[in-house]
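Let us take a walk through this structure together, one group of side chains at a time. Have the sequence at hand as you read.

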Amino acid sequence: MPSKPIDLRSDTVTLPTPAMRTAMARAEVGDDVYGEDPTINRLEEFAAQRVGKAAAMFVPSGTMGNLCALLAHCQRGDEVIVGDASHIYNYEAGGASVVGGVAFHVLPNQPDGTIALDHLRAAVRWLDDPHCAETRLICLENTHNSCGGVALSPEYLASVAAFARERGLLVHLDGARMFNAAIALSVDVTELTRHVDSVMFCLSKGLAAPVGSVVCGDEAFIRRARRARKVLGGSMRQAGVIAAAGIVALETMVDRLEEDHANARMLAEGLAGFPQIVIEPERVQTNIVIFTLRDGISAEEFVVRLRERGVLMGDMGGGRVRAVTHYGIDAGDITETLAVAEEVLRAGSGVRDQGFPLH
Ligand SMILES: *Cc1c(COP(=O)(O)O)cnc(C)c1O
């Protein structure tokens, strides 16, 4: 059993780096609702420049960032196209509908995280038909979380953008793990953002900042998004203490994502060696590993047994298990994880060990 739990549930469990702690302690702050927090202003300028947009807005969470973007783009009664496996549709409590009166038009996500262009073409409403909600926005996700952290290519994003322009639609990118996509594809992140009208990315996942996400777009969009953030209660005061960690995250934590990707591949290849585990390791592109089980042991039980032995993975439901690598997990942890997995699988179904002390 590992001496401390190996937590592969999510990259959201990452703890701030020592450099972040120092930057937080020393951050110059002011009232950000008056636009007077110099650290927030610096993060927003830096983020906008980094993703090649005119303006940016710091928000407490990715969920709020996506919601602000949808509220800034849409009126009540508009509809947005989302993938059926997307985070916006499945894991954000239907916020755009609840708060914004926005309808979701759900299209299937392909296994590679894309929405097929043919499906988009067939889905967009005729704008002058009073029967129909007006299609306003297409939402894409990169990397695509539930599709196994796959990266959407610049070419695909360009093709959706061209279609959107032709039909007078906007495109929003849920780029919670967009830097993982850029690293996996070996492209500058602007190759992924230049095709979209707005983008949200998380500082609090693989980049290891304790709190926060950023929404980027043009000036007029960000002005509307700031109004939406105010409605949602997300305008903060001396939040430079957390934005300071976000700056360090962008400066120091992007390139090292490659390590997480290598560890995820190592985990996937190791798991593929067990006959009870169904996985295609060659499909693992970034830091997310998703697999199913066969031969008697259920996903639920596998996750419980691992946990008893100090390894934490996520039961996604539907028989799927998710493991996410991140800052704080090294190759040694992967070796240990594989040893624990082997033990659990060898023990087979039914027997319970003593619980691992977790709280
Ligand atoms: C985590 C995540 C979000 C939301 O971020 P929170 O900070 O957890 O609210 C949005 N989209 C995707 C794809 C995510 O993985």
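We can start with a pair of oppositely charged residues: arginine 265 and glutamate 258, whose side chains meet in a salt bridge with 3.5 Å from N to O. Keep in mind as you look that this is a predicted model. Is this pair buried or exposed, or something in between? Arginine 265 is partly exposed, at a relative accessible area of 30%, and glutamate 258 is likewise partly exposed, at 34%. Both values count as partly exposed because that class lies between the buried limit of 20% and the exposed limit of 50%.

Aspartate 118 is exposed, with a relative accessible area of 56%, while arginine 121 is partly exposed at 45%.

Another salt bridge brings together the side chains of glutamate 191 and arginine 194, at 3.3 Å from N to O. Here glutamate 191 is partly exposed, with 30% relative accessible area, whereas arginine 194 is exposed, with 55%. Salt bridges can also link up: Asp78, Glu134 and Arg136 are joined in a network of them.

Now let us turn to the ligand. How many residues surround the ligand? There are 14, and the closest are Gly62, Thr63, Asp174, Arg177 and Lys205. Some of these reach the ligand with polar atoms of their side chains. Aspartate 174 places such an atom 2.6 Å from a nitrogen atom of the ligand. Arginine 177 has a polar side-chain atom 2.9 Å from a ligand oxygen, and for lysine 205 the distance from a polar side-chain atom to an oxygen atom of the ligand is 2.8 Å. Taken alone, the ligand would expose 380 Å², and the protein buries 86% of that area.

Which elements give two or more residues to the shell around the ligand? They are α3 (62–73) and β7 (198–202). Of the elements, α3 contributes the most, with three residues.

In one of them, tyrosine 89 and phenylalanine 104 sit edge-to-face, with 5.9 Å from centre to centre and 75 degrees between the planes. This pair links distant parts of the chain: tyrosine 89 is in helix α4 (residues 87–90) and phenylalanine 104 is in strand β4 (residues 103–107), 15 residues apart. Tyrosine 89 counts as partly exposed, at 35% relative accessibility.

A further pair consists of phenylalanine 179 and phenylalanine 201, with ring centres 5.2 Å apart and planes at 90 degrees, so this pair is edge-to-face. Because phenylalanine 179 lies in helix α8 (residues 178–185) and phenylalanine 201 in strand β7, the pair ties together parts that are 22 residues apart in sequence.

How values were computed
Residues are numbered from 1 along each chain as its sequence is written. This is a predicted model: local features need pLDDT of at least 70, side-chain atom pairs count only at pLDDT 80 or more; totals for chains, interfaces and linings use all residues. Side-chain values use heavy atoms; hydrogens and water are left out. Buried means under 20% relative accessible area, exposed over 50%, partly exposed in between (1.4 Å probe, protein chains only). A salt bridge is a side-chain nitrogen of Lys or Arg within 4 Å of a carboxyl oxygen of Asp or Glu. A residue is near a molecule or strand if one of its heavy atoms lies within 4 Å of it. A polar contact is a pair of N or O atoms within 3.5 Å; within protein, one must be able to donate a hydrogen and the other to accept it, and residues adjacent in sequence count only if both atoms are side-chain atoms. Accessible areas come from the Shrake-Rupley method with a 1.4 Å probe; for residues, only the protein chains shown count as cover. Helices (H or I, at least four residues) and strands (E, at least two) are DSSP runs, numbered from the N terminus. Rings of Phe, Tyr and Trp (its six-membered ring) pair if their centres lie within 6.5 Å; planes under 30 degrees apart count as stacked, over 60 as edge-to-face and the rest as tilted.
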